[in-house]
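Okay, thanks for making time, everyone.

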Protein chains: 2
Amino acid sequence: VSVQRLAVVGTGLIGASIGLAARDAGVGSVRGFDRDRRALAMASALGAVEPAPSLPDAVAAAELVVVAVPPRHLAATVAGSAAAAPADCVVTDTGSIKRGVCAANEEIARFVGGHPLCGAASRGPELARADMFRGATWFLTPTGTTDCGALERVEAFVAVLGAMPVRIAADVHDRAVALTSHLPHALANLLVEQLQGERIDGVDPLDFPTRFLRETTRVAGANPDVWRDIFLENRDFVAASLAKHRRLAEELERALAAGDSAFVGAWIDRASAARARLLERDG
Amino acid sequence: VSVQRLAVVGTGLIGASIGLAARDAGVGSVRGFDRDRRALAMASALGAVEPAPSLPDAVAAAELVVVAVPPRHLAATVAGSAAAAPADCVVTDTGSIKRGVCAANEEIARFVGGHPLCGAASRGPELARADMFRGATWFLTPTGTTDCGALERVEAFVAVLGAMPVRIAADVHDRAVALTSHLPHALANLLVEQLQGERIDGVDPLDFPTRFLRETTRVAGANPDVWRDIFLENRDFVAASLAKHRRLAEELERALAAGDSAFVGAWIDRASAARARLLERDG
């Protein structure tokens, strides 16, 4: 491993999992800081990080800082970490939207935006796992001003944790996750919201959930603070994906109203083909 | 067990699972028939049924016939089974929409409509399981003309398979499953359809599926023939649930466009409360 001195700023589920995975991979020193003392103490108790009393203290000797704080604090914490860390220290983050944090820190050549796809619906360090990133896509969003050595250092580190680094432009990333992550999450929320309000001749449909209804709403309402920020920060792309979704839903509705068997059959066949392509991308 | 001579008409995944579960529960004779000779031979090889050469032959000595054929053949096969079976034999079915089959067979007092909620996304007897119905809701939809003894015989049988019989009116059932089953299934299809068509600066979002995207599209495009019939047969209630869904999605879209943090926060809180209620209904 090239990185031997790591700092993790924000020791929630993702930060603590990075600490555990880095230690498993033989990274010598993993210092951690979190403004939430309880989260820091828990991450320390789990062996994910050595706790530091302040952010500057955590990053003082680091070769790489990973910032894993909630969306609203991300841009400022990246800037603060870069300012406090040694001049040759590389900074990356794990935020799930990349335009804001990358634009705000464009001047910092040794900052590389990042986003691991790990699908966790919970939060807090309690459920941290060293194998959280094994086989996962880990997006990296360098800009025109990003230092090549910094990018390569983050790529090597991410690979050491078992993830697959994928370079992508920040705005392409944000449009893609609006479709693959934020839209599915929004549909799960919308679905439970709709069912919650229904009574059919006194029958509450939530009394008779199907297995798939449970599965498809697993993340509904999860991490309210984080997800509110995600939806709002990526609102242009999320709204666009919802608009397209409504058009497709309206097409189906019209075909059903008309009893258009051919349309419905072709629509299911398209879904079947798309689902088969998803299964090909094993992971 | 009261029922000792069972007939299963349609030996696909559901019919064969009923055969296996009945035999496990000590039902003495389980005769089966399927127009698809391959499905019948497979169900027989799995020990789910003794194969009969014809429908009349399968039901000739039965106390209970369970009809588990695709939606489009359901009403006629129920009528044919009742005509061929002994006069005191009870007939039930497993179709996932109940208005049509119940209205078509309203004259038959010893017919009781039924629908087990088992969440299978595959079809065919190959994946049949004796424990398919353990703990599952099994809807029964008696009408005003249904014989009480017939209803009780089916309830007792369903309980013997480990399921929980729930009496419900056919139209209430169909509105409820439009929400708990058909709408979620439609959203899964719509989601993969939308992602399938997208390219973002050459990036295919299906190349980077999130874990939740895989989960939430598990059933997408499954059993095309069966699901086309389900969507079409229940099209009024499915279209109504889609219309409501589109209104809720549009509200969210407007709130996002306006950057309405309070709306988005309250919307996630509602989803969170509804999801918690779903989790209470453990199963």
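Let's begin with the sheet in chain A. There's an open sheet of 8 strands here, and if you read across it the order is β3-β2-β1-β4-β5-β6-β7-β8, with mixed pairing. The edges are held by β3 (50-51) and β8 (164-167) of chain A; each has a single partner strand, so one side of each is left without a neighbour in the sheet. Before I go further, please keep in mind that this is a predicted model.

How does β3 of chain A attach? Strand β2 (residues 29-33) of chain A runs parallel to β3(A), and 2 bridges join them. If you want to find that spot on screen, look for A:Gly32, whose bridge partner in β3(A) is A:Pro51.

Now the helices on that sheet. Helix α1 of chain A, residues 13-24, lies across β1 (5-9), β2, β3, β4 (64-67), β6 (111-116) and β7 (137-141) of chain A, and runs at about 165° to β1(A). Helix α7 of chain A, residues 170-196, also packs on the sheet, where it touches β6 and β7 of chain A, and its direction makes about 140° with that of β7(A).

One more thing inside chain A, this time between side chains. A:Asp229 and A:Arg72 meet in a salt bridge, at 2.9 Å from N to O. That pair links distant parts of the chain, because A:Asp229 sits in helix α9 (residues 224-233) and A:Arg72 in helix α4 (residues 71-84), 157 residues apart. Over all chains, the salt bridge count comes to 38.

Okay, over to chain B. Here too we have an open sheet of 8 strands with mixed pairing, in the order β3-β2-β1-β4-β5-β6-β7-β8. In chain B, β3 (50-51) and β8 (164-167) stand at the edges with a single partner strand each, so each has one side without a neighbour in the sheet. Strands β1 (residues 5-9) and β2 (residues 29-33) of chain B pair in the parallel sense over 5 bridges, and B:Val9 stands opposite B:Phe33 in β2(B). Helix α4 of chain B, residues 71-84, lies across β1, β4 (64-67), β5 (90-93) and β6 (111-116) of chain B, at about 165° to β4(B).

So what happens where the chains meet? In contact are 88 residues of chain B and 87 residues of chain A. The area buried between them is about 8,700 Å², and carbon and sulfur atoms give 66% of that. On the chain B side, B:Gln194, B:Phe212 and B:Arg246 lose the most area to chain A, together 8% of what that side buries.

What about charges? Across this interface there are 12 salt bridges. One joins the side chains of A:Arg270 and B:Glu193, at 2.8 Å from N to O. There are also 31 residue pairs in polar contact across the interface.

And which part of chain B gives the largest share of the side that touches chain A? That's α7(B), with 20 residues. By class, that side of chain B has 45 nonpolar, 19 polar and 24 charged residues.

Methods
Residues numbered from 1 in each chain as written. Chains lettered and ligands numbered in written order. Predicted model: local features only at pLDDT ≥ 70, side-chain atom pairs only at ≥ 80, totals over all residues. Heavy atoms only, no water. Pairing = 2+ DSSP bridges. Helix = DSSP H or I, 4+ residues; strand = E, 2+ residues; numbered from the N terminus. Contact = heavy atoms within 4.5 Å. Axes fitted to C-alpha atoms, helices over the stretch in contact; angles between N-to-C directions. Buried area = accessible area lost by both parts, 1.4 Å probe. Salt bridge = Lys/Arg side-chain N within 4 Å of Asp/Glu carboxyl O. Polar contact = N/O pair within 3.5 Å; in protein donor to acceptor, adjacent residues only side chain to side chain. Nonpolar A, V, L, I, M, F, W, Y, C, P; charged D, E, K, R; others polar.
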